[in-house]
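Take a moment with the sequence and the model shown here. The paragraphs that follow start with the whole chain and then move to single elements and residues.

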Amino acid sequence: HAGAGRLVVRLKGGDPFVFGRGGEEALACLAAGIPVEVVPGVSSAIAAAGAAGIPLTHRGLSSSFAVVTGHEDSSKSATVEWERLAGAVDTLVVLMGVEALRAITRRLAAGGRDPSTPAAVIRRATTGEQECVTGTLADIAARAAHLRPPAVIVVGEVVRFAGLPRPGADSLANPSDPELEPTSPPTGSGALATPSVREGTLRAV
């Protein structure tokens, strides 16, 4: 169709250039002499965490994050070095990694990441079926064993904020003070179609 001069829209979920093969498709079009316009989107790496109330960065707690695939192309010669990533960034976001979650958490711990580090798995984010299971690096694989793709994994201290309320929702925080301090890491699971603050997750300062 595009070769015949028609306008073709290739609609993708998230951002086409973040594990969406957008680069490959754009290069194929250009090689065929077909002009391409890329419209950026919001990656599920950002959207899922936000929908679950988890800020990927937070002053004094997380100043860096990395987005990694948990399902690699078998034809690649190099693989994700989980042991090196363990201490390289404050917050780690893993896409397409649910089926390899146990192996991923084991390798992060082997690389020196504290087993008590908070972790979350967010399934079907931003939909009415959204579910967020929280725990620690040591037990998240067992807690989230019932979840199936699509899901996003978040590892880092910011997971303590899971359930952070949206504007207009009931909050434990002082609205005049935007700074929130995490307390103990949350555990357990629950549907977060309407985000709510969990006991022990946040306190006002």
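Two residues are in contact when heavy atoms of theirs lie within 4.5 Å. Of the contacts in the chain with a separation of 6 or more, 66% join residues 24 or more positions apart. Keep in mind that this is a predicted model.

Start with the layout. The chain holds 5 helices and 8 strands. Read from the N terminus, the order is α-α-β-α-β-α-β-β-α-β-β-β-β. The chain has 205 residues, and 37% of them count as buried. Its accessible surface is about 11,500 Å². Carbon and sulfur atoms supply 54% of that surface.

Now look at helix H4, residues 101-110. Which residues of H4 are buried? They are Leu-101, Ile-104, Thr-105 and Leu-108. These residues cover an arc of only 95° around the axis, so they sit on the same side of H4. Arg-106 and Ala-110 are on the other side, and they are exposed. What do the buried residues of H4 pack against? Their partners are helix H3 (82-85), strand S2 (91-95), S3, helix H5 (140-143) and S5. After H4 comes Gly-112, with a positive phi near 105°.

Two of the strands come next. Strand S3 spans residues 118-123 and pairs with S4. The pairing is antiparallel and runs over 6 bridges. Within it, Ala-120 stands opposite Thr-134 of S4.

Strand S5 is a partner of the buried residues of H4, and Ala-151 belongs to S5. Is Ala-151 buried or exposed? Its relative accessible area is 10%; buried means under 20%, so Ala-151 counts as buried. Beyond its neighbours within four places in sequence, Ala-151 is in contact with Val-94, Met-96, Val-98, Val-121, Ile-122 and Arg-123. Glu-99 is 52 residues away from Ala-151 along the chain, and their C-alpha atoms are separated by 9.9 Å.

Finish in a loop. Arg-160 lies between strand S5 (151-155) and strand S6 (180-182). Arg-160 has a relative accessible area of 16%, so this residue is also under the 20% limit and counts as buried. What does the side chain of Arg-160 make a polar contact with? The partner is the side chain of Glu-157, at 2.6 Å.

Definitions and conventions. Residues numbered from 1 in each chain as written. Predicted model: local features only at pLDDT ≥ 70, side-chain atom pairs only at ≥ 80, totals over all residues. Heavy atoms only, no water. Helix = DSSP H or I, 4+ residues; strand = E, 2+ residues; numbered from the N terminus. Buried < 20%, exposed > 50% of the residue type's maximum accessible area, 1.4 Å probe, protein only. Areas by Shrake-Rupley, 256 points an atom, 1.4 Å probe, with all protein chains shown as cover. Polar contact = N/O pair within 3.5 Å; in protein donor to acceptor, adjacent residues only side chain to side chain. Pairing = 2+ DSSP bridges. Arc of directions from axis to C-beta.
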